[in-house]
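Biologist: I'd like to learn how to read a model like this one. Could we go through it feature by feature?

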Amino acid sequence: MRVYLAGPEVFLPNAREVLDAKIELTRRYGFIPVSPGDLEIPAQPTKRDFGLAISAVNEKLMLSADAIIANLTPFRGIAADTGTVYELGFMCARGCPAFAFSNVAQSHFERLQVYYGGKVADDAEGRPRGSDGLAVEDFDMAENLMLDGGIEARGGAFVTRSAAPGKLFEDLAAFEECLGIAAGRLLQGSKPSSSS
């Protein structure tokens, strides 16, 4: 079974090292890894064309995969990387099994409270709103309700852990736990093979 490994790891200064570690773990659990960090993009005439070429190759890779494991650790803010969110939605729309992990254990609502400096209060109808008047989600979920809902509707799991702040995108404990759950649900009697 081919599993697309979505996440913002491609932006890390040590991207190749982290991606290679994820690829090796994925193989150990019996899956064929499909990693967007492995793509080769031919030269393009403009930056925009180059970006469009990357998008097209990523979609082709996703179409070759049977399932997705997405790294939804908050990236450059309180929510998951937008490209990763697109990829998760793309795979969910295809009806593929979807799994995710985050190295931040705080719920989406808890992160929103931090964003608003604790100034979240119920309005007259009892709906929580930030200090700017915008309604906020409070559904006891790890991320936006569409992400949690999409994963659950496709038989997946969303694993959260608290990683050290400096290791948010390098700590692979939650990823490995997610792999174990995915293997148990998607591969009959699968156990990780020992590394040689």
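Modeller: Let's start with what counts as a helix: a DSSP run of H or I with at least four residues, numbered from the N terminus. Keep in mind that this is a predicted model. Helix α4 spans residues 108-115, and Arg-111 lies in it.

Biologist: Is Arg-111 buried or exposed?

Modeller: Buried means under 20% relative accessible area. Arg-111 has 5%, so it counts as buried.

Biologist: What does the side chain of Arg-111 reach?

Modeller: The backbone oxygen of Ile-78, at 2.7 Å. Setting aside neighbours within four places in sequence, Arg-111 is also in contact with several residues, including Pro-74, Ala-79, Val-104 and Glu-143.

Biologist: Now the nonpolar side chains. What's the general idea there?

Modeller: In soluble globular proteins, nonpolar side chains tend to be buried together. Here the largest nonpolar core has 20 residues, and Phe-31, Ile-69, Phe-101, Phe-175 and Leu-179 touch the most other members. The elements giving two or more residues to this core are β1 (2-6), α1 (15-28), β3 (67-71), β4 (98-102) and α6 (173-186).

Biologist: Which element gives the most to this core?

Modeller: That's α6, with six residues. The buried residues of α6 are Ala-174, Phe-175, Cys-178, Leu-179, Ala-182 and Ala-183, and they pack against β1, α1, β3, β4 and β7 (158-160). Take Leu-179: not counting residues up to four places away in sequence, it touches Leu-25, Thr-26, Tyr-29, Phe-31 and Ile-69. Apart from this core lies another, of 18 residues, among them Leu-72, Ala-80, Phe-90 and Met-91.

Biologist: How many residues does α6 have, and how far does it reach?

Modeller: It has 14 residues and reaches 20 Å from its first C-alpha to its last, close to the 20 Å expected at 1.5 Å a residue.

Biologist: Last topic: backbone angles. How do I read phi?

Modeller: Most residues other than glycine have a negative phi. Arg-76 sits in the loop between β3 and α3 (82-93).

Biologist: Which other residue has a positive phi although it is not a glycine?

Modeller: Asp-140, at about 55°. You'll find Asp-140 in the loop between β6 (128-129) and α5 (145-153).

Biologist: Are Arg-76 and Asp-140 buried or exposed?

Modeller: Exposed means over 50% relative accessible area. Arg-76 has 71%, so it is exposed, and Asp-140 is exposed too, with 72%.

Notes:
Residues are numbered from 1 along each chain as its sequence is written. This is a predicted model: local features need pLDDT of at least 70, side-chain atom pairs count only at pLDDT 80 or more; totals for chains, interfaces and linings use all residues. Side-chain values use heavy atoms; hydrogens and water are left out. A nonpolar core is a set of buried Ala, Val, Leu, Ile, Met, Phe, Trp, Tyr and Cys residues joined through side-chain atoms within 4.5 Å. Buried means under 20% relative accessible area, exposed over 50%, partly exposed in between (1.4 Å probe, protein chains only). Contact means heavy atoms within 4.5 Å. A polar contact is a pair of N or O atoms within 3.5 Å; within protein, one must be able to donate a hydrogen and the other to accept it, and residues adjacent in sequence count only if both atoms are side-chain atoms. The expected span of a helix is 1.5 Å times one less than its number of residues.
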